[in-house]
Each structure stands twice: as C-alpha cells, then as structure tokens.
Amino acid sequence: MSQPTANCPNCGAPIAFRWSGSVQTVCTFCKSLLIRTDLDLEMVGKVADLPAAASPVQLGTEGAFAGRSFVVIGRILYEYDQGNWNEWHLMMNDGVSGWLSDAQLEYCITFAAKPEKLPSECRRGQQYTWQGQTYTVSSITKAHYRGVEGELPFQTWDRKDVIFVDLMSPSGKFATIDYSEDPPLLFLGHAVEFEDLKLKNLRSFEGWS
Amino acid sequence: MSPNDPAGPAAPQVKALNCPSCGAALTLRSFGNAVSLVCSSCHSVLDATDPDLKVLQKFKAAEDEDSPLIPLGTRGSLRGTDYEVIGFQRRTIEVEGIHYSWHEYVLFNPAKGFRYLTEYDGHWNLFSILRSLPEDDSGASTVTYLGEVYRHFQTADATTTFVLGEFPWRVRMGESVTVSDYVSSPRVISKEGTGKEVTWSMGEYVTCGDLWKSFNLTNEPPVPVGVYENQPSPLSASVKSIWAMVGMFLIASLLLLVIVYVTARSESVFEQTYSFDAASHDEASFVTPVFALHGHTSDVELTTIASLNNSWIYVNYALINQDTGRAYDFGREVSYYSGRDSDGEWTEGSNTNIVTIPSIPPGNYYLRIEPESDPALGVILYTVSVKRDIPQLIFFGFGILAILIPALFITWRAMNFEHLRWAESDYGTPPDDGSLIGTLENLASNFKSSNSGDDE
Amino acid sequence: MILKGFLIYGLVVLALVSVAELRGWSLDRVDQVPNVPKTVRDNPGSYRSVYSSYHHYTGGK
C-alpha cells in the first residue's frame, strides 16, 4: 500500500499516512490537528495534550481479529460524567477501517455498518435487529471528545456532547449507534477478550511485567 | 511509529498523590482507569477523573469496620493472570429486619481489566462482567446464559456501607441498588440495577484454600459458615447417576438370579422317614445309607419334618464324607405347640426345620443321626430329606440392600445440602426444578402438608 | 469420584453374591470334624457330636 507523505503546515515535520482513507491526523511533533484535502494539509487547530492513557493499546499496536490482522493508527478519547473511554482506529490488513473500543479495559471491535433505519431516540432494553442479529440496548451515554491522536477517517474537532447507544446480544455481538452525525452512524461488531486479540507492541506499565 | 517521532502521551506510571482534604498520601494503582478513589485516612470519596481529585463525599467509618482480608496492593495469580487488589467495599442488605453484609474486592490487571472477588461468611466468588446478554425471562424465576439455566435465588436492595481504595465506577456511600442472584452451582449470575442501568456479571465459587494460595496470604482465612448459594455440592450432581447405577445393578442382580436358578442342580438326593421312641433306652444314633452329592462344591439343604403335637424333638446330625472322613456337625430342634386361651387359638414353633450346610464338596456321603426328646413324649415320627445345590434368595436380598443403603445415604446427604443452600434464599426450600432432588423434595413437602391437613 | 467408588463397590457386592450362590455359602453355622473313622458306620454310637446333650425341654408355651 502506498504511503502518501506531506509536510505539517505548522512545523514542517514529515507526515505519513498509513491509511489511505485518513481524513485527519495529528502531527506528533507540534500536536497540530491536520485535515487532509488530499495531501494539501490544512491546519485546524492544536490538540491539547492527552492525559496518560490508561489503555495498554497505543498507536502502532498490532493484533488480529476474525482472521484479519490490524494495526492501530488513530485514537479518540471520549469523556462523560462517569469517566472516559478510548476508541482506537484500526487499519485492517485488507485496508478496511475498524474500531477497537476500550472502556475500563472492556474491549469491543466494531466496523461501520451499511446504513440501516436507525431510531432517533433509544430506551434501555429496546431491541433492534440488524443483519439477522437481535441487539438489546444496554447503555446510553452522553459524551464529548476529549482528544484525538493519529489518523482518523473523519473530521472531528467538535467538542459538543453527543449521544452514544451501546447494544449487546446473547452471542456477544455488539453494536453502537453514534449520534454525532445525521443520519446517525451504526457500528456492528463483537465484544472481545484481551487474549483473543493477540496484541503486540503494547504500552508497558510500571511495576507490571 | 517512526523512530523520529517524539514520545506520544506519557507512559503510565503509578502515581503518588495527596488527599486534597487531609493531605495524606494516596496511591493510585490502576493507571488512569479509576473513577473513584477513597482516602483511607479521612474517608473522603474523591473524583479520580479530576486532576485535582475533587472531594465528592465524606463519611465516618465505624470503629470496628472489617479491614480487607486480602490487603489492598496484594497481587495474586488467578486463571493464569496476575491481578492486584485495588479496591474494597462492604454492601449490606436487609432481610426480615436483619442486616447481612458481604465484602467485595476490586481486582485489576492493566491489560486484562477488572475482576471482582466477593466474600460472605467465608464463601468466596470470582466475578467477571458479562459481555453477552443472558436471556432474562422477566417474571419467571430463571435466566439462561450460554445454554445453562440459572435459578433465581434472591433479590434484595444492596446499600454501600463502606468503601476503600479505587473503583472503576462512581461509588457513593449509602447508595442502594437492586441485586438479583440466579444460581447454577458452582456459578451464579448477578443482575444489578434496574431500568436505566443494568449490569450482568457472573461469579464462580472459589475455595479460600485456592485463593490464599494464589495471593500468598499467611493469615487464617475465615471458616465458611453454612452452605452458600452457588457452593458446589459434590453429591448433588452425582445423585441421578448413582440411581442410574443402582438400576443397572438391580438388573444385573436379576440376571444373576436367573443364571443361578437355571444352573443350580436343585436335586433331591435322599429322603427317609424314621420313628424315634423317646422313652426307649436303646442307642438312639444310627447312620443312613450312602448317597452321592454330585456337581461342584455347593450347599446341601437338609429338611427335618416331624409330626409333633405339643412336643419337640432335637436331632444331632453329622454329614460325613465316606472317603475323606470329613464330618459336618450340627443339631436341629423341631418343636410345635398349640392351644387355646382367652385370646383364641395360638400356635408356637413349626414342625418343619430347614438347614443349609455350606460349601460341601462333591462325593459320597451319609448322615449320622442321633435324635433326642423328652421320654414322656413317646414315639415321634420324623422325615429327613436332603437336597443338593439349592439357590438361596437371602444373599440377593443382602446384595440389594448393600446397594440401596449407600445410594439412599448419599441421596439423603445431598438433599440435606440442598436444604441448607436454599434455606438462605427468598424461597426457603429447594425449587422443584425437575432434578431428582427437586422431585423428592416436592414429594416430601406434599406428603408433609397432606399429613398436617389430616390433623385439622 | 463417588461414581467410580460406587461402581467398584457395586461390582464387589455382585461378585460376593455370585460367589455365595455358586459356592453354596450359608448363614447356618456347622462344625467341621476331620478324620471321622470308617468304623462309625458300624458303630454310630461311638461318634460323639459336640451337639449331643443339647438342652432339655424346660416347659412353657
């Protein structure tokens, strides 16, 4: 896969995009948020220093899921009234973009699903069927971006609160409805255990081997 | 990441901080995953997501509050993963005016996440949050998860009555949540919360022996009291299989019975009637003609039938092998009395006596017979008959008893165990869940209620 | 564990019952006297059984 390169308009550092579909990235040197308009990077603003990540996952972490290997190329940190969680942007080995969410070290892998008729509002316990699987609403969270890192497939600099609805199923399948856009976005995937992802190149923790 | 990139966000480290309320040193062990943190000195509940650790709540801890049996900061290996104890809480429920408390330990691994240990009356469970949804038959008393049926055990409102350390959620002293437990020993599914927020978790019973070994603890673990809701019963699971085996053994015994009866010779080898004059002073002993006992070593059945009328006869027998000179000595008493009194007619004794002589090898035998009686009784007629290789039912009876008694004992013990388990539940007695024990319990309680009904 | 134990126990019980039936065991006790001379057939009175002079009728119902 070709890796398009450009230079940061702020500090001139070389920027390489690992994923052809990346719409924005963060310059690792000066923390500028850069929007790609096909290699003519437009600087939008600076990203505040992200707090030390609680996650063992970091940019460059590799792993595998359902027969495809992936590498972590981006990150969004969401914040809500009970804490925060990370959405790690994955590039699968076939070029598809995926998401690994890490909420208090509970992991899920999801992929953007074809648009379905999605409700404008949800209640806990409601059931929906997509692609032959029934999901039940398990939590409704109001969250906002706290920070971004790396390559992301969309433009994000909006800090306002957005509703996220999580759904679970008896088989471990997992779904998220993201109300940051209209119409809302649907992500379908699976709840996973840390061991199943065979992660490499992880962050190390002081005092733990 | 290319080697020219500067470091990303700082690598996580264990942080040392100070309580904003009392200044005491705090320890954060979960690398930014903590949502609440409790100062052990002043018992302030702090917001761990706030860099300033805003004080959310302050509480007073009781003087005699239990301290964690597994101290905060202890590490242990469970299911191949190292975990560190980072938080501890006590939760209390009220049942019929009595308060019951249990303790929970928050376990942390920086990659694998959180697990929870609960302890009640010395019984321990290791909990994980469920990632798949159990099928909650709302209204019914069961929950199905991964094909296994869990029975409702108890629903109660649990109040947080003590907190210490770190938690990955907002803790609040005095907060109350509805908890329902569904058991399928050795597992339990716990449903916490209602309406807006429901969390499902599954616990598995662990022995304190295993736990103390995992955490390398040197103090004495608490002794478990009674039977806990999901405590595994070594017996209950076996009961059905034991009775299946009993069935098979009974069939085998029946088969054996048929074989024994079919293969036994059951032959009559000698029969003779004698007359004994009890008053005579002549030598009473005599010998019978020689008869052959055929076949393999087996029993010999000797029957003495005497015509008695309120009299008795005692016969000394010796079964003697003509060739080897081995004798089998025994004596049999035959007595029979009858009469009439105020209650009606009565009889005592019998005019027939059967004895089985064990393990007689084949050969030529004769009997030496010496009768005795009261001279006043005069002449007594008696018949001696000898049969070879007669099957005896009594050993089958013993065998069946020998098989039934342990099976009954094991069933009784298992029922006892389940009684103790369900005594603590919302129901008080074991449920009728189609299992053998459940069915027996149902029959027993029906029997009891019908009996007490008769008294009214 | 219990099942294996019970299985072995049951088989032992069945084996004992088989032996008892086939070898002709009995609950009745007899005394064995070896080497009874052949002269007993001619003179039965010379054989003194341990059971002789058993007991005497003591009356009563």
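## A four-stranded sheet in chain B

Chain B of this predicted model has an open sheet of 4 strands in the order S17-S26-S20-S24, with antiparallel pairing. Strands here are DSSP runs (E, at least two residues), and helices are DSSP runs too (H or I, at least four), numbered from the N terminus. Two strands pair if DSSP finds at least two bridges between them. Strands S17 (267-277) and S24 (352-360) of chain B sit at the edges with a single partner strand each, so one side of each is left without a neighbour in the sheet. On average, neighbouring strands of this sheet are turned by 15° against each other, direction ignored; the axes behind that angle are lines fitted to C-alpha atoms, for helices over the stretch in contact, and angles run from 0 to 180 degrees between N-to-C directions.

Inside the sheet, S20 (residues 298-306) and S26 (residues 379-388) of chain B pair in the antiparallel sense over 7 bridges. If you want a spot to look at, B:Ala306 stands opposite B:Tyr382 in S26(B). In general, strands of a sheet pair through backbone hydrogen bonds.

## Where chain C meets chain B

Of the 2 pairs of chains in contact, B and C share the most contacts. A contact means that the C-beta atoms of two residues, placed from the backbone, lie within 7 Å. On the C side 38 residues are involved, against 54 residues of chain B. H1(C) supplies the largest share of the chain C side, 13 residues. By class, that side has 23 nonpolar (Ala, Val, Leu, Ile, Met, Phe, Trp, Tyr, Cys, Pro), 9 polar (the others, Gly among them) and 6 charged residues (Asp, Glu, Lys, Arg).

There's strand pairing across the two chains as well: 3 bridges join S22 (residues 327-341) of chain B to S1(C), and the two run antiparallel. B:Ala327 stands opposite C:Val33 there. Chains A and C, on the other hand, do not touch; their nearest C-alpha atoms are 33 Å apart.

## Nonpolar cores

A nonpolar core is a set of buried Ala, Val, Leu, Ile, Met, Phe, Trp, Tyr and Cys residues joined through C-beta atoms within 7 Å. Buried means 20 or more other C-beta atoms within 10 Å of a residue's own, exposed 12 or fewer, and partly exposed in between, with C-beta atoms placed from the backbone. The largest core has 71 residues, and B:Leu107 and B:Ile189 have the most contacts inside it. Strand S13 (residues 148-167) of chain B gives the largest share, 5 residues.

A second, separate core of 29 residues includes B:Ala318, B:Tyr365, B:Leu367 and B:Ile380.

## Reading notes

Local features need pLDDT of at least 70 and side-chain atom pairs count only at pLDDT 80 or more, while totals for chains, interfaces and linings use all residues. Residues are numbered from 1 along each chain as its sequence is written, with chains lettered from A and ligands numbered from 1 in the order in which they are written.
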